[in-house]
Amino acid sequence: MLNKREKYLQIAFNRSLPEVQAMISLLPRSDKIIIEAGTPFIKQYGTYGVSLLKNWWGYVVADLKCMDRGSREVTAMAAAGASAATCLGLAPIETINEFIRECETVGIDSMVDMMNVEFPFEILQKLKKLPTVVVLHRGVDENELNKGRQIPHEQIHRIKGTYGNVLISVAGGESTRDVVRTYFNDADIAVIWRSFYDAPNQTAQLAQDFVKLVR
Amino acid sequence: MILQKRLKYLHVALNNSLPEARQVIAQLPSSDRILIEVGTPLIKIYGTSAITQIRAMVPSGTYLVADNKCTDLAEREVAMMAQAGANAATCLGVAPIETIDRFIAACDTYKIDAMVDMMNVDSALMVLKKLKKLPAVVIIHRGVDESELSKEKQIPYYQIKQIKGSYDVLVAVAGGDTIREVQRAIFNDADIVVIWKNPEQAKSFLKEI
């Protein structure tokens, strides 16, 4: 489970299994680095892919983006060895509640992804119980086609001010500077993927810089 | 589009496991009006191999829907589903508009039908209005968790006529599993009725259609 006093770097993987294995071997060993089985990766390889990632690394986030059948999907991912799973903030409230409850039952961290949610507060307010992590991010498709929209950094303070117990994960920036800025804005987890997708060696360097930074 | 606009279809969703999927498929009557869906849990558990394995279980020419519920990285997902042998893929109506547009364009490229699932969308019309191009199918949907935990939530049948009155698309209805709900969907002008709980009743459902 994640420690509330630490900062983490989450690296998302979406390539083929052999490529992912090679990329992971470039990463410095650190429990501050968590890896993510990206949604396309899960849809391609299923729980088999998640269990392989688990063999290659300690903490694995299954980016399920659950929209319905909260408990069924969580059970499958936890059985495959996932340490955390994600649910969409856009899902029906019943699904998010089921998702958080089931994550607790099977002993993994719950992450609620606020992609395309205008007011994450409104969602959090309606929940029976808070998730472990709230993910603030913009979709890749949105990012490429609509560069004007920004990562809502101001929401980090608001959410943490109101719900002190929840961790915040932010996706969007890709350089060491972006990652530092994310922490500066009080986020607990910085998620990167594109640089690793495009240039694995460079990201391995970023991961090393990161480990030095948070030591 | 592969589906025909004047026909009604029964869409059977397979959600539990591949062995169970095999049993359900064996019980289904042979009909070109039955569409088979590889449900989201199957895709997340078995990956695209769920699609290729179910393709091998069904009679040749069966229309397969991959319920991938895309929310991002649309082209990547559509390519994966099409290459695995799906005839249609799904995208969430709550996804960013950029994603839905990309999803529909990618379905065109890969020559499969685009289905947009309006689960938890207040106004399907508002989403359709913003799109560059219409999908082949719009799915009106009440989720399983919603159905089981909030019994008062109704399937918004009234949206079928609203959508069909304004746009030239097929409308599928998901979330009802009794003969009465199937009748209701057809009465309200749905083109496709999605079921998952009682596939053994497929024969009588098919009669209603």
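Tutor: This is a predicted model. In S8(A), A:Ile189 is the bridge partner of A:Tyr8.

Student: What makes S1(A) and S8(A) a pair of strands?

Tutor: Pairing requires at least two bridges. S1(A) and strand S8 (residues 189-192) of chain A have 4 bridges, in the parallel sense, so the two strands pair.

Student: How many bridges join S1(A) to S2(A)?

Tutor: S1(A) is joined to strand S2 (residues 33-37) of chain A by 5 bridges, and these strands run parallel. A:Ala12 has A:Glu36 as its bridge partner in S2(A).

Student: Why is S1(A) called largely enclosed?

Tutor: A residue is buried if 20 or more other C-beta atoms lie within 10 Å of its own. In strand S1 (residues 8-13) of chain A, 6 of the 6 residues are buried, so the rest of the structure largely encloses the strand. On one side the buried residues are A:Tyr8, A:Gln10 and A:Ala12, and on the other A:Leu9, A:Ile11 and A:Phe13.

Student: Why are H1(B) and H3(B) called roughly parallel?

Tutor: Helix H1 (residues 18-27) and helix H3 (residues 49-57) of chain B pack at an angle of about 30 degrees. Angles under 35 degrees count as roughly parallel, and therefore H1(B) and H3(B) are roughly parallel to each other. Their axes are 10 Å apart, and the crossing is right-handed.

Student: Which residues of H1(B) meet H3(B)?

Tutor: B:Leu18, B:Ala21, B:Arg22 and B:Ile25 do, and in H3(B) they meet B:Ala50, B:Gln53, B:Ile54 and B:Met57. The contact has 6 nonpolar, 1 polar and 1 charged residues.

Key: Residues are numbered from 1 along each chain as its sequence is written. Chains are lettered from A and ligands numbered from 1 in the order in which they are written. This is a predicted model: local features need pLDDT of at least 70, side-chain atom pairs count only at pLDDT 80 or more; totals for chains, interfaces and linings use all residues. Axes are lines fitted to C-alpha atoms, for helices over the stretch in contact, and angles run from 0 to 180 degrees between N-to-C directions. Angles under 35 degrees count as roughly parallel, over 145 as roughly antiparallel, 65 to 115 as roughly perpendicular and the rest as oblique. A crossing is left-handed if the near helix is turned anticlockwise from the far one by less than a right angle, and right-handed if clockwise. Two residues are in contact if their C-beta atoms, placed from the backbone, lie within 7 Å. Ala, Val, Leu, Ile, Met, Phe, Trp, Tyr, Cys and Pro count as nonpolar, Asp, Glu, Lys and Arg as charged, and the others, Gly among them, as polar. A residue is buried if 20 or more other C-beta atoms lie within 10 Å of its own, exposed if 12 or fewer, and partly exposed in between; C-beta atoms are placed from the backbone.
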